[in-house]
Amino acid sequence: MTMIDQTEVGEWQDLFTSIIEDADSNILLLDDEFRIVTINPGFYWIFLETYGVELKKGTFILQSMQTINPALTRLWMGRCQTALTGTPIKVEDEFEIDGKVNHWEIHFNSGTFADGRQFVSVFSRDVTVRKAYQKKIIGNEANVRSILNTIENSIWLINSDYELIDFNKEFFRLYKQAYGIKPDRGKKILELIPDHLPELREQWRTRYEAGLKGRPGKYLETYHVGNALRTYEVKTYPIVENGQVTGLTIYSRDITPHREAEDLLKRQNEELTKINTELDRFVYSASHDLRAPLMSVKGLLNMIRVDTDKSNLDQYLNLIETSINKLDNFITDIIHYSQNSRMDIMPSKIHFHSLVKESIESLKYMEDAEKVKSMISIQDAVPFYSDHGRLLIIFNNIISNAVRYHDKWKDSFLKIDINVFDKGVEIQFTDNGVGIAEEFQDKIFKMFFRASYESKGSGLGLYIVKSTAEKLNGAISVTSKLGEGTTFLIEIPNTFPSASMN
């Protein structure tokens with residue numbers, strides 16, 4: 001090496017030394033015998049304040065440590081020897097200065113001088129602030145996780161590789177309950193969907209893809225959880241970092257009570273609409289049907305006044321009585337309609353023999369009642385409980401219809417067959433009256449339906465029968481043939497008494 005070369009080397013060494021001494025990091029260079037080649041002020045003062053060891057250029061670092069801290073000497077010897085093998089080391093040391101705990105990150109690396117000798121470079125920096133932030137972040141993460149786990153809704157996160165990166169306890173619980181699978185972090189989320197549900201897997205793949213493309217989503221799902229069918233609202237939110245979508249947050253909440261409330265409100269609105277419609281029809285038809293017999297009576301009274309032939313008086317009175325009876329029947333039907341709609345069910349033990357007798361007795365003065373023969377068969381070995389008043393309304397309406405629409409050219413009859421079972425009763429009314437045309441059979445249970453203007457009833461009777469049967473959780477059906485007769489079959493469940501009922 002020439003003199004110029006040596007001068008240049010000296011200049012470079014001075015420059016290198018200047019850089020080391022001015023560096024923010026603490027820097028130490030040791031030769032292969034662990035003699036201090038270079039040390040900057042930062043490293044000098046840290047070692048002096050921390051361990052009470054004064055390090056000087058040209059001294060052996062391990063000897064300087066040995067008298068003060070043998071344990072530290074052994075530790076550093078191991079690190080330096082490892083670094084000389086070509087294996088870099090990074091460690092964190094913790095020590096206390098003036099009652100404050102400090103953290104230092106120390107790097108041990110090896111290199112080679114120009115003359116071929118090895119050296120160990122030691123760089124250290126204060127990471128106390130960083131450790132404090134890390135501790136705070138970990139604490140914040142624990143707080144966030146605690147909050148997430150107290151939320152009653154499911155929350156889970158995936159990355160752009162469809163890997164499940166985090167979830168809360170509710171997601172874990174429901175997923176295990178629904179599929180019998182324990183979700184694990186790091187697993188592919190789509191692989192956690194059972195193989196026997198390929199359509200569900202593809203559905204979720206589409207949703208995840210849309211979310212990872214930056215499009216938030218909102219979906220409704222219905223699942224069997226346990227033995228119940230539950231409805232969930234699912235929302236997906238893209239996770240965006242530096243303008244790139246790196247993952248997806250999925251939020252799912254059980255909205256079954258909300259949907260049930262909506263369905264209940266919908267049913268109530270439909271029922272209200274039905275009631276309003278029926279009320280409009282009722283007011284219109286009732287006002288007409290109430291007015292008609294009154295106008296007839298008014299007209300007949302006027303005829304009595306102007307007719308000088310007193311022999312016609314009985315005829316006028318009979319016609320007035322007919323109109324009054326018609327008005328009375330209509331008012332009775334209105335009362336029955338109101339009672340069925342408003343009154344609670346009052347179950348009691350039903351004695352069908354006395355019930356049928358009561359109904360027939362109440363109708364025996366009805367016009368043409370004596371022309372219809374009643375044939376009754378009752379099988380009631382099993383106790384039956386229901387609402388006596390409502391059953392009487394059903395019997396009165398069906399029996400009065402059999403009388404009202406009997407065929408005057410036949411020997412008219414009405415068969416009443418009653419069969420009581422453990423679960424309920426079947427009541428069948430069969431007559432040989434005029435019958436019902438096929439095109440009217442699906443309309444006869446509607447309010448104020450009349451097949452023709454010649455119909456004798458109010459148009460409320462069979463509507464009341466059907467409404468009453470349904471109020472008792474029962475049903476009614478009809479089979480009829482015009483000119484031959486009609487059969488009504490009514491089925492009512494047995495309303496067993498509570499323990500407090502006598």
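A residue counts as exposed when its relative accessible area is over 50%. The views below show a predicted model.

**Figure 1. Lysine 213 in the loop between α7 and β8.** The loop that holds lysine 213 runs between helix α7 (198–212) and strand β8 (217–225). Threonine 246 lies 33 residues from lysine 213 in sequence, and the C-alpha atoms of lysine 213 and threonine 246 are 9.7 Å apart.

**Figure 2. Buried and exposed residues of helix α10 (residues 352–362).** Phe352, Leu355, Val356 and Ser359 are the buried residues of α10. Viewed down the helix axis, these buried residues fall within an arc of 95°, so they line one face of α10. The exposed residues His353 and Lys357 are carried on the face turned away from the buried side. The packing partners of the buried residues are β12 (373–379), α11 (388–404), β14 (413–420) and β15 (424–431).

**Figure 3. The crossing of helices α10 and α11.** Two packed helices are described by the angle and the distance between their axes. The axes of α10 and α11 come within 9 Å and cross at roughly 50°, and the two helices are therefore oblique to each other. The crossing of α10 and α11 is right-handed.

**Figure 4. Residues in the contact between α10 and α11.** From α10, the contact involves Phe352, Leu355, Val356, Glu358, Ser359, Ile360 and Ser362. Helix α11 contributes His388, Leu391, Leu392, Phe395, Asn396 and Ile399. By class, the contact of α10 with α11 comprises eight nonpolar, four polar and one charged residues.

Technical notes:
Residues numbered from 1 in each chain as written. Predicted model: local features only at pLDDT ≥ 70, side-chain atom pairs only at ≥ 80, totals over all residues. Heavy atoms only, no water. Helix = DSSP H or I, 4+ residues; strand = E, 2+ residues; numbered from the N terminus. Buried < 20%, exposed > 50% of the residue type's maximum accessible area, 1.4 Å probe, protein only. Arc of directions from axis to C-beta. Contact = heavy atoms within 4.5 Å. Axes fitted to C-alpha atoms, helices over the stretch in contact; angles between N-to-C directions. Parallel < 35°, antiparallel > 145°, perpendicular 65-115°, else oblique. Left-handed = near helix turned anticlockwise from the far one by under 90°. Nonpolar A, V, L, I, M, F, W, Y, C, P; charged D, E, K, R; others polar.
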